[in-house]
Amino acid sequence: MIYDDSSERASGAFSLIPKSGGRGETTLQRLCERRGQVVIIDAHSHILSLAADPGFTVDYGREGSLCIYRSMGKLPSHRMPTEAEWEASGLARRGWPLIGPAESLNDHPGFDKIVVLAVSPQHLDGHLIGTVDTDGILGVEGPPDPEKCNDYIAAVVRTDPEHFIGFASVNPAFKGPAAAVAELERAICGLGLTGLKLYPMYQHWAANDRDLAFPIYRKATELGIPVMIHQAGSTRIDAQLELGRPALLDDIGREFRDLTVIIAHCGLPWVDEALFLLTKHPHFYAELSYLIATLTRRDLFLFLHRCEPAFVPLEKIFFGTDYPGFLYDPVKLRDKLTTVNEEAAAVSLPPSRSTNCRTSWAATSPPSWASLTPSPPPNPRRTH
Ligand SMILES: [Zn+2]
């Protein structure tokens with residue numbers, strides 16, 4: 001997401017960091033106080049490794065990238081690639097470096113903030129996966145273990161709290177909703193993380209499950225944190241597509257009216273469904289990662305151009321990359337967005353309908369899309 005505090009609509013009204021947050025809040029506020037300056041935030045990124053088993057991490061990456069490589073003509077489409085073809089495509093078994101804080105910062109030049117999202121422990125194809133520090137670079141004690149995903153993310157934030165914003169993750173289907181709620185409270189109040197990421201379709205539970213999921217939303221509301229939900233498609237074969245429908249989030253908006261919900265990937269492939277939820281629910285937002293990688297710059301322009309006529313304020317849509325995934329180069333994606341108005345003349349459309357968005361999209365003036373979330377009310381428990 002990109003925050004331009006020259007916009008009256010955004011000024012002071014949005015903050016990634018809860019009011020009672022730590023050093024990050026100070027930084028963001030200071031940045032926003034520089035009138036006319038822009039805070040550029042990647043609202044969706046990952047870090048470290050996804051499995052303690054490096055071999056499975058490679059297989060996971062290959063499964064998710066297969067369709068992309070095939071569509072680029074780098075892998076055969078009519079059969080599964082041989083090991084030699086995988087190697088030739090660039091998806092070798094070697095060369096999957098651990099993405100640590102230094103690598104993330106290095107690949108985000110010019111970004112002010114990077115949201116790093118934990119992946120909670122879950123079984124995929126019988127393997128236990130989740131965010132792990134396989135190389136022990138962060139000093140979290142013990143062997144690599146996805147059950148420490150939130151400890152790893154907190155350790156990442158500690159390396160550079162000026163830049164990293166850490167979102168916890170919990171899986172209510174792993175050890176039950178009570179354990180998930182307890183872990184969420186520990187991650188926010190104990191570890192200092194400032195948001196929550198959920199992965200229902202990967203973990204085979206429904207986002208609107210009253211028994212499994214609602215206790216988590218209740219706790220998140222109490223903690224005053226935003227909840228980002230992967231409510232979109234996935235190329236992971238084991239992910240359950242029907243559980244990715246954005247419409248499942250409607251029950252959350254109806255029940256938890258003060259909870260900030262961020263729909264990951266703009267709900268792709270159900271983008272219109274996700275956009276309508278943004279129209280319906282005052283505290284629903286979406287972020288562009290994955291979707292933005294699939295769109296040409298012109299299609300991105302046309303997509304953005306239809307949001308406001310469809311009653312979706314652009315302040316509700318954040319910039320995100322899904323780094324370090326393939327095709328998710330933060331600089332390229334950011335530039336695609338910040339230069340999007342260069343497409344206006346070619347399609348005989350004005351840069352934007354509204355004054356706000358005209359400012360946002362003009363090549364000479366960076367986007368004024370809002371930052372992540374409305375500031376939650378002060379949370380005294382955070383200081384404990
Ligand atoms: Zn992601």
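Select helix α7 (residues 177–190) and then what covers its buried residues: this includes α5 (149–159), β6, α6 (172–175), β7 and α9 (214–223). Here a residue is buried if 20 or more other C-beta atoms lie within 10 Å of its own, exposed if 12 or fewer, and partly exposed in between, with C-beta atoms placed from the backbone. Helices (H or I, at least four residues) and strands (E, at least two) are DSSP runs, numbered from the N terminus. The model is predicted: local features need pLDDT of at least 70, side-chain atom pairs count only at pLDDT 80 or more, and totals for chains, interfaces and linings use all residues. Residue numbers start from 1 along each chain as its sequence is written.

Stay on α7 and pick out Pro177, Ala180, Glu183, Leu184, Ala187 and Ile188, which are buried. They lie on the same side of α7, because they cover an arc of only 125 degrees around the axis; the arc is that of the directions from the helix axis to the C-beta atoms. An α-helix has 3.6 residues a turn, so residues three or four places apart point the same way. From first C-alpha to last, the 14 residues of α7 reach 19 Å, close to the 20 Å expected at 1.5 Å a residue (1.5 Å times one less than the number of residues). Just after α7, select Gly192, which has a positive phi of about 85 degrees.

Next, select strand β7 (residues 195–198). Gly195 and Lys197 point one way, Leu196 and Leu198 the other, and all are buried. Two strands pair if DSSP finds at least two bridges between them. β7 pairs with strand β6 (residues 164–169) in the parallel sense over three bridges, and Gly195 is the bridge partner of Phe167. β7 also pairs with strand β8 (residues 227–229), in the parallel sense over three bridges; Leu198 stands opposite Ile229 there.

Now select Ile153. Which residues have the most contacts inside the largest nonpolar core? They are Ile153, Ala168, Val227 and Ile263, in a core of 90 residues. A nonpolar core is a set of buried Ala, Val, Leu, Ile, Met, Phe, Trp, Tyr and Cys residues joined through C-beta atoms within 7 Å. The largest share of this core, six residues, comes from α5. Leaving aside neighbours within four places in sequence, Ile153 is in contact (C-beta atoms, placed from the backbone, within 7 Å) with Val116, Ala118, Thr131, Gly166, Ala168 and Leu193.

Finally, show the whole chain, with its 15 helices and eleven strands. Of its 384 residues, 48% count as buried.

Key
Contact = placed C-beta atoms within 7 Å.
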